[in-house]
Amino acid sequence: MASIDSDPLYTSICSDKTLHSQKEGFFNAFYWTVAENFTGQNEHWLRDVFGKVQPGNDSAKLQLIYEDPTVCFEVLGTLEHVKPVFRAKDAKFSWQRREQATKVLNEGKMQQAMMLASQAVMKAPAQGVDLHIDQGLTLACALWTRAEVLIRMLDGKHALRDLQMAAKAGFPVKANGEYYGKIAKCYALMDDMKRAEVSAKLFHQLAGFDDYRLQRLREDLDDLRTLKAEDTAMKPQDPKPMLPELAGGASQELKGASKKITLSGTRDESIKGRYIVAAEDLEPGETVLVEPAYGACLYPRFFGTNCNLCFTKLSASVPCLDCCGVAFCSPECRDLACAGYHRFECHFMDLMIGSGMSILCHLALRLVTQAGTPEKAIEIANDLGLCAHAEHRNQEDYFRRTLMAAFLLRCLQKAEFFGRRKTEAAEPTPQEAKVGGVILELLQSLQFNAHEIYELKIGGDHRIDSAKVQYIGVGVYKTGAMLNHDCHSGVSRSFLKTTMVLHTSRPLAKGDSVPENYGMHFLRQPLPVRQKVLRSRYWFKCDCKACFEDWPMLEKLTEKPKLRCPHPDCTGLLNYAPKGKCFKCNRSVNFESAFKILRQCEDLYDEGAKKMSQERVEEAAQLLSKGISMFYQVAVPPFKATHLAEESLRSCFADFGNTSRV
């Protein structure tokens with residue numbers, strides 16, 4: 001670590017935070033219980049025994065802690081107590097919330113009724129699990145109740161879905177005229193009067209051809225359509241985000257990438273490793289990456305507000321049929337998750353959260369559980385090809401991660417990821433040890449390669465001015481991980497669900513690195529802080545241009561940039577002045593045309609800002625991109641107006657991704 005680390009204490013703090021909380025959860029106590037065995041008489045155990053296992057041989061590192069007498073008794077003693085801990089269903093609680101929802105709905109308290117009805121849905125056990133309440137139909141009854149709330153809230157789409165789920169959960173519909181009456185209301189709210197009329201006729205038939213009741217229903221349908229039209233006119237209509245097209249078409253080499261970028265470098269991390277470069281000239285505003293997450297995890301605090309699979313904001317949550325800990329945006333997302341990763345995580349979710357482990361630990365586990373089988377899981381690390389810097393990791397940190405890998409492996413054993421085991425002992429089989437080794441490698445590599453996924457939280461009427469970034473989860477991206485850092489980013493990163501989208505934010509010439517920013521931007525952090533954090537968090541010394549030239553922060557940025565020599569065969573740079581002599585080509589220069597272009601740039605920046613204030617975001621992005629491109633033709637950064645324009649362009653691209661209104 002000496003060659004990388006200039007602040008060992010801060011590096012240790014950063015590494016610990018990527019693994020577990022020091023204040024919450026039981027993992028920290030677990031670690032110190034084991035660590036007591038290599039203090040005092042065995043103080044060199046980490047160096048002389050654990051450290052002798054070759055860095056990167058993670059299966060062997062893991063196997064050692066189950067076998068070495070210095071630590072194995074405490075490790076095995078704790079792991080043997082791992083058992084399911086999760087939020088179970090409760091039919092009585094669901095029934096109570098359903099009754100409360102009906103009561104407050106009749107009082108006109110729509111939002112409160114929706115909250116209570118959703119709690120009833122989340123807590124309800126699956127059909128037939130608890131026959132003592134609702135004859136085993138608690139889930140169907142809860143969905144029925146929430147459908148009524150949604151109809152009153154004029155949400156026909158989600159009400160229809162709840163009614164359909166209620167029918168699948170056993171709600172009697174064959175001779176139930178009221179069911180088809182509600183279906184008709186849903187279709188009316190969705191402005192599908194053809195289907196609404198078909199449902200109304202079924203209602204009429206099942207109601208004994210009662211013409212009066214049919215007439216009342218049709219009046220209700222008309223009233224609902226009118227109310228829906230008024231409600232739609234009053235509420236701001238946010239544009240529906242869509243994934244953009246890749247500039248120049250899709251690359252055959254890199255998943256989710258444009259043909260205009262390519263992979264350069266070698267696997268030798270000691271020089272620079274592999275990284276993304278421009279395969280041809282790129283202009284600002286070009287889409288260079290649209291990559292679905294290889295794996296992603298939601299932060300636990302958003303389990304109740306966002307879909308656990310796709311991260312979509314929840315309108316009417318769809319529950320897991322076994323636990324109450326997570327929610328989904330649709331039956332499709334629920335079924336995909338429960339057929340995949342969630343069946344192994346479901347009964348251990350609260351245990352893992354209670355351990356205090358970081359989101360990166362959960363992501364490491366998720367990559368394994370979504371693989372579905374031990375055989376596929378063993379291939380994950382090779383498939384991703386991420387750097388782990390195992391040779392630079394100090395032994396105490398390596399041991400902590402090994403202990404976390406053992407805990408996560410034990411959860412997989414108990415969840416029968418490896419099938420029904422012949423023994424309850426925690427010691428892994430050879431295959432289990434290989435999977436544990438994969439987890440340990442991921443616990444190292446994700447520290448440097450994961451990305452935080454965000455949404456824009458819109459808190460006011462103006463969608464741009466009131467928007468704030470809210471981080472909702474973490475994902476890993478096979479191509480996205482190949483972008484190097486620059487304190488002056490070359491791309492703007494946004495997310496649509498869990499898909500990462502990168503747009504260029506400044507011109508990049510063919511062969512240039514296509515860099516992103518790891519969180520340390522020169523506009524907001526001074527050079528010493530950037531260098532300290534990047535060394536300690538990501539283990540490299542940044543030598544980007546902003547660092548090499550020590551560019552000032554936003555408040556002190558120059559308004560007179562250096563100008564490019566106007567002679568096309570010269571790459572010289574001159575100070576801001578009307579005339580002069582280029583010290584590189586030794587020719588006289590006149591910057592009249594350059595000054596004119598700079599004025600045009602600032603006019604485009606101002607016009608882009610006006611379009612943003614009018615919420616005409618696409619037009620704003622085009623104007624800003626054009627102005628930024630023109631600036632780089634005649635001048636070089638730093639330049640205050642251009643960097644502000646680049647930040648405005650970033651805000652525009654963020655608006656095309658995940659958004660939610662408060």
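**Salt bridges and a cavity, term by term**

User: What makes the contact between the side chains of Arg-587 and Asp-569 a salt bridge?

Analyst: The N to O distance between the side chains of Arg-587 and Asp-569 is 2.7 Å. A salt bridge is a side-chain nitrogen of Lys or Arg within 4 Å of a carboxyl oxygen of Asp or Glu, so this pair qualifies. The two residues link distant parts of the chain, 18 residues apart: Arg-587 lies in the loop between strand 13 (579–581) and strand 14 (588–590), and Asp-569 in the loop between strand 11 (562–564) and strand 12 (573–574). Strands here are DSSP runs (E, at least two residues) and helices are H or I runs of at least four residues, both numbered from the N terminus. A word on the basis: this is a predicted model, where local features need pLDDT of at least 70 and side-chain atom pairs count only at pLDDT 80 or more, while totals for chains, interfaces and linings use all residues. Residues are numbered from 1 along each chain as its sequence is written, and side-chain values use heavy atoms, with hydrogens and water left out.

User: Why is Asp-569 called exposed?

Analyst: Its relative accessibility is 59%, and exposed means over 50% relative accessible area (buried is under 20%, partly exposed in between; 1.4 Å probe, protein chains only). Asp-569 therefore counts as exposed. Arg-587, at 31%, is partly exposed.

User: How do you know that Arg-420 and Glu-416 form a salt bridge?

Analyst: Their closest N and O atoms are 3.6 Å apart, which meets the rule. Arg-420 is exposed, at 72%, and Glu-416 is partly exposed, at 36%.

User: Which salt bridge joins Arg-393, and are its residues buried or exposed?

Analyst: Arg-393 pairs with Asp-397, at 2.4 Å from N to O. Both Arg-393 and Asp-397 are buried. Elsewhere, Asp-16, Glu-396 and Arg-400 are linked in a network of salt bridges, and the count for the model comes to 32.

User: What makes a space a cavity, and how many are there of 30 Å³ or more?

Analyst: On a 1 Å grid over the protein atoms alone, a cavity is a set of points where a 1.4 Å probe fits but cannot get out.

User: Which residues line the largest cavity?

Analyst: Ala-381, Leu-384, Leu-386, Glu-441, Leu-442 and Ser-445 do, lining residues being those with an atom within 4 Å of a point.

Key. On a 1 Å grid over the protein atoms alone, a cavity is a set of points where a 1.4 Å probe fits but cannot get out, and a pocket is an open set with protein on both sides within 12 Å along at least five of seven lines; lining residues have an atom within 4 Å of a point.
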